[in-house]
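Please examine the protein chain shown below before reading the report. It is presented for a reader who is new to structural description.

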Amino acid sequence: MFRRAWLPTLFLVLALAGCSRCGKEAGPGGPGTSAAGPARYLPRDAQAAVVINDLGALGEKLARFQNLKVASFAAQLQNFSSAEGYVSAVMKQVGVDLRSRQALEAAGIAPERGAGAAFLGGNRAVSIVGTKDADKLQETFGNFARTRLGASEQKKTSVDGGNLVTFSRPGATEPALGILFLKGTDYALLGAGASVASLGTLATQPVEKSLASEPVLNASLQRLPSERDFHVWLPGGTGAFIPAGSVQGLTLTGRIEERAVTVHADAPWPDTQASLAALEPVKAGANLLGALPVDSFLVARFSGDPSHLDGAWPYLAGGYITRAVQKSGLDMKAEVLDNLKPGMVLGMSLSPTVQLGAGMPALDLRRTNPFRFVHLVALADTEDAAKTQATLEKLPAIAGDFGAKVEPADLAGQRVYLTSYRAGEGAHFALGPNGRLVVAAPKAQLEATLASLAKPAGGDGPVAEDLKDAGKDAAFSVVLDLKRLSDAVKNLPSEAWGIGGFAIKATTVRWLEATDDLRAVTLAVSRKDKALQAEMSLRLTPAAPGSTTTQPATP
């Protein structure tokens, strides 16, 4: 039943997969904003809503992404020879080739007027599209209803707000699909099953009950970048997508470009403004990125003031660690957070001795030691080196509360604190030169990091030149370099793949090559006014036109 209710909104779902009007501004009051267009006829109390600026550029986006090797790879997993063949098959099922503006118009759709969808709960969903030719649109959805839903009976009714056309299965008491052509507008509302009964209400709803009048959404859209292809609204308090008692609502905007797919998020902060202070970037005294290992495929940086994390760290650490800290008697704010300077960094690199022959490990720290697979280095400058050393001296006594064992040791003349737990090595600690706190694992990585810190600083760090713009103005940023990770896996020695690993390696390498146009994933978190904002981007390296991707071999 859900699948049948969802099918009429397939136009919108597919549009989200390759949305539109890249690089074209959607200013206040223009198409695609919540102040006009499709949002006027979507309900404000929906559990979720999507508004798309312009369906006309969808063809360009789909055609562009068909050239990605990863798209062809995904299509081959569905037994299609190419991404173009897969998309063409989907378009055939829909009945309209969404890759073509001309095809949309021939189907009766006005793509430049945008589109939208609202999810009302249960199996109910409604959508709205711009209308260019009502007769052609009726014919298009009539064919869809007959061939895809088995609804061959058609009925026309004049209702408040417009003209309703329903399509029903023989003998059914409820329409399978309904289209309401709105009176005095160039839009049509669509619904399936039980949703058809909601179309008349939406057509005549006052503007204050529509999505166009949602104040939290409108405020978020004003804070978010105006260049967007679509936006998504998830209201708070319903418990459907946003937990009750958290934020008032979450607004997502998306923009698709040739080399990146980027999603921005905005949520009004429900707590005190002081608790947002940690997300205010502070200029660090030293750039610690250059001290991270150059082979780090994941790099994180926190440029806010750590002393403001007092109220947030229990949520970030989780209940188990929070309870352990409280039991240990460690004053997290006074002994740790207040003594750290802005500019903390973390880097992760693939272990050169990783063993991949047994397949993927269980993602549970209690069962799998992560440092068998990755090496970790975290660096932070401290305000008071003596105070930091005193805190480190307490670790052996309180480590038991964390289910670990910490022992002081001498490593090449440097006092260090080595951690172990049931699964093996943990993260080790040391106070390096100039009061620099070092957390690293395994032990060999700690030794290498201390040795490098003893030398004059040099190099720009592990972040590639084309990724340095990621999160440069944010308080917290993460860069996951997929190309570097892929290269590290490809360069692993044969013994890393176990007995018979040559076949496993060959298959893995071919899979990695099939997805090598996925360049990186970046994340940036910051504050703007009284809201929490995040930006996540998938960076792409488009394949050359005409390139092909071979299907990975089966080991």
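## Basis of the report

This is a predicted model, in which local features need pLDDT of at least 70, side-chain atom pairs count only at pLDDT 80 or more, and totals for chains, interfaces and linings use all residues. Residues are numbered from 1 along each chain as its sequence is written, and side-chain values use heavy atoms, with hydrogens and water left out.

## The chain as a whole

The protein chain contains 16 helices and 21 strands. Helices (H or I, at least four residues) and strands (E, at least two) are DSSP runs, numbered from the N terminus.

Of the 555 residues in the chain, 48% are buried. Buried means under 20% relative accessible area, exposed over 50%, and partly exposed in between, with a 1.4 Å probe and protein chains only. Among the contacts in the chain with a separation of 6 or more, 65% are between residues 24 or more positions apart. A contact means heavy atoms within 4.5 Å.

Strand β1 (residues 48-52) runs antiparallel to β2, and 5 bridges join them. Two strands are said to pair if DSSP finds at least two bridges between them. Within this pairing, A48 stands opposite F119 of β2.

Strand β2 also pairs with β3 in the antiparallel sense, over 6 bridges. Here A117 has S127 in β3 as its bridge partner. The hairpin of β2 and β3 has 2 residues between the strands, and G122 in this hairpin takes a positive phi near 65°.

How many residues of strand β7 (residues 187-192) are buried? The count is 6 of the 6, so the strand is largely enclosed by the rest of the structure. Y187, L189 and G191 point one way from β7, while A188, L190 and A192 point the other way, and all are buried.

Strand β3 (residues 124-130) pairs with β7 in the antiparallel sense over 5 bridges, and V129 stands opposite A188 of β7. Strand β6 (residues 177-182) likewise pairs with β7 in the antiparallel sense, over 5 bridges. In that pairing, I179 has L190 in β7 as its bridge partner. The hairpin of β6 and β7 has 4 residues between the strands, and G184 in this hairpin takes a positive phi near 75°.

## Helix α9

In helix α9 (residues 215-223), the residues V216, L217, S220, L221 and R223 are buried. Seen down the axis of α9, these buried residues fall within an arc of 160°, so they line one face of the helix. The arc is that of the directions from the helix axis to the C-beta atoms. The cover over the buried residues of α9 includes the strands β8 (230-235), β9 (249-256), β10 (260-268), β20 (518-528) and β21 (531-540).

## The cavity and its lining

The structure holds 1 cavity of 30 Å³ or more. A cavity is a set of points, on a 1 Å grid over the protein atoms alone, where a 1.4 Å probe fits but cannot get out; lining residues have an atom within 4 Å of a point. The largest cavity holds about 40 Å³ of space, where a volume is the space filled by probe spheres set on the points, and grid points are joined across faces, edges and corners.

Which residues line the largest cavity? They are S296, F297, L298, V299, P462, V463, A464, L467, V479, D481 and R484. The elements that give two or more residues to this lining are β11 (298-302) and β19 (476-481). By type, the lining divides into 8 nonpolar, 1 polar and 2 charged residues. Ala, Val, Leu, Ile, Met, Phe, Trp, Tyr, Cys and Pro count as nonpolar, Asp, Glu, Lys and Arg as charged, and the others, Gly among them, as polar.

## Strand β19 and residue D481

Strands β11 and β19 run antiparallel and are joined by 5 bridges; R301 has S477 in β19 as its bridge partner. Strand β19 also pairs with β20 in the antiparallel sense, over 6 bridges, and V479 stands opposite T522 of β20.

D481 is found in strand β19. Is D481 buried or exposed? D481 counts as buried, at 5% relative accessibility. Leaving aside residues up to four places away in sequence, D481 touches F297, A464, L467, R519 and A520. D481 and A464 are 17 residues apart in sequence and, C-alpha to C-alpha, 8.2 Å apart in space.

Notes:
1 Å grid on protein atoms, 1.4 Å probe; cavity = no way out; pocket = protein on both sides within 12 Å on 5 of 7 lines; lining within 4 Å.
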